[in-house]
Amino acid sequence: MSIWIAAYPLMTMLLFVLEPLLSNWPAPFRSLLLTSLMVPVMVFWLVPLVAARMGEGRDSEPPCGATNSSSQNGTRNTQRNPHDTL
């Protein structure tokens with residue numbers, strides 16, 4: 001869910017700001033430019049920021065039934081999930 005919270009406003013802003021410059025460009029080139037701007041901003045800034053604010057960071061609890069492969073200090077988690085089968 002955090003991806004859409006970041007992606008929609010970013011795409012809307014990029015379209016609004018760049019529309020006057022890109023209105024005569026063919027659609028594939030507009031898409032190429034917009035995605036080349038949007039993907040790095042999303043990956044390196046917006047998704048980590050939104051995920052941290054929503055408590056979905058790397059060190060948060062895994063979903064129900066999943067196991068976390070490492071603890072916060074970087075060591076391997078040796079606890080077994082009671083729902084795993086042998």
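Biologist: Why does proline 40 count as partly exposed?

Modeller: Proline 40 has 33% relative accessibility. Buried means under 20% relative accessible area, exposed over 50%, and partly exposed in between, with a 1.4 Å probe and protein chains only. The value of 33% falls in between, so proline 40 counts as partly exposed. This is a predicted model, in which local features need pLDDT of at least 70 and side-chain atom pairs count only at pLDDT 80 or more, while totals for chains, interfaces and linings use all residues. Residues are numbered from 1 along each chain as its sequence is written, and side-chain values use heavy atoms, leaving out hydrogens and water.

Biologist: Where is proline 40 placed, and what does proline 40 touch?

Modeller: Proline 40 is in helix 2. Not counting residues up to four places away in sequence, proline 40 touches Thr35 and Trp45, where contact means heavy atoms within 4.5 Å.

Biologist: How many helices and strands does the chain have?

Modeller: There are two helices and zero strands. Both terms refer to DSSP runs numbered from the N terminus: H or I of at least four residues for helices, E of at least two for strands.

Biologist: Why is methionine 42 called buried?

Modeller: The relative accessible area of methionine 42 is 7%. That value belongs to the buried class, so methionine 42 is buried. Methionine 42 lies in helix 2. Leaving aside neighbours within four places in sequence, methionine 42 is in contact with Ile3, Ala6, Ala7, Leu10, Val47 and Pro48.

Biologist: What makes up the largest nonpolar core?

Modeller: A nonpolar core is a set of buried Ala, Val, Leu, Ile, Met, Phe, Trp, Tyr and Cys residues joined through side-chain atoms within 4.5 Å. The largest one here has ten residues, among them Ala7, Leu10, Met38 and Met42. Helix 1 (2-22) and helix 2 (27-54) each supply at least two residues of this core, and the largest share, six residues, comes from helix 1.

Biologist: Which residues make the nonpolar surface patch of about 470 Å²?

Modeller: Val39, Val43, Phe44 and Trp45 make this patch. Valine 43 is in helix 2.

Biologist: What share of the 86 residues is buried?

Modeller: Buried residues make up 15% of the chain.

Terms used: Patch = residues over 30% accessible without salt bridge, like charges linked within 9 Å, V, L, I, M, F, W, Y side chains within 5 Å. Areas by Shrake-Rupley, 256 points an atom, 1.4 Å probe, with all protein chains shown as cover. Salt bridge = Lys/Arg side-chain N within 4 Å of Asp/Glu carboxyl O.
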